[in-house]
Amino acid sequence: MSQLFTAVYEVTSAVEGRPTLRLNLVVNAHNDSVIGHARVAFDGGESAGISVRGHHTEIEGEHPLQAIVLAGLPAIFPTVEEEPSAFQLLMVLPTAARDGQVCYKMSFGAQQQARIVEIRDGVARAVLPELATGT
């Protein structure tokens, strides 16, 4: 039986620009590792993506929560100046009864003049993967 499964999440926020983050992830249930891709899109049509990796964990408490922690893997040779240069995310996974909670930070450009998108009010929902279309 396979230890790998895919998960797709969409994270929305009410901050200015209304960024929507889409996470396409592959989870290895054997060692709780996670790899995938994160793409943020803004109201104006601008979007950017970055490869990510991290792990699945449980937050202990009276009612334990399942969570994913991710970090970005910036391109070695960026092709576009506005590609993300850094990414961090903490997501309490959604369940059938409630939406997930997300905070993330994505940086663009050089550290000295980086443009930063920081979301602390993200709402996550599991979504079905989109079918690939040939164009």
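Buried means under 20% relative accessible area, exposed means over 50%, and partly exposed lies in between (1.4 Å probe, protein chains only). This is a predicted model, in which local features need pLDDT of at least 70, side-chain atom pairs count only at pLDDT 80 or more, and totals for chains, interfaces and linings use all residues. Residues are numbered from 1 along each chain as its sequence is written, and side-chain values use heavy atoms, with hydrogens and water left out.

**View 1. Glu10 and Arg22 form a salt bridge.** A salt bridge is a side-chain nitrogen of Lys or Arg within 4 Å of a carboxyl oxygen of Asp or Glu. Here the N to O distance is 3.5 Å. Glu10 sits in strand E1 (residues 4-12) and Arg22 in strand E2 (residues 20-28), so the pair ties together parts twelve residues apart in sequence. Strands (E, at least two residues) are DSSP runs, numbered from the N terminus. Glu10 is partly exposed at 31% relative accessibility. Arg22 is buried at 17%.

**View 2. Asp99 pairs with Arg125 in a salt bridge.** The N to O distance is 3.1 Å. The pair links distant parts of the chain, 26 residues apart. Asp99 lies in the loop between strand E6 (84-92) and strand E7 (100-108), while Arg125 belongs to strand E8 (residues 115-126). Asp99 is partly exposed, at 37%. Arg125 is partly exposed too, at 39%.

**View 3. A salt bridge joins Glu118 and Arg120.** Their closest N and O atoms are 3.0 Å apart. Glu118 is partly exposed, with a relative accessible area of 40%. Arg120 is exposed, at 68%. A search of the whole structure finds four salt bridges, including this one.

Note on methods
Helix = DSSP H or I, 4+ residues; strand = E, 2+ residues; numbered from the N terminus.
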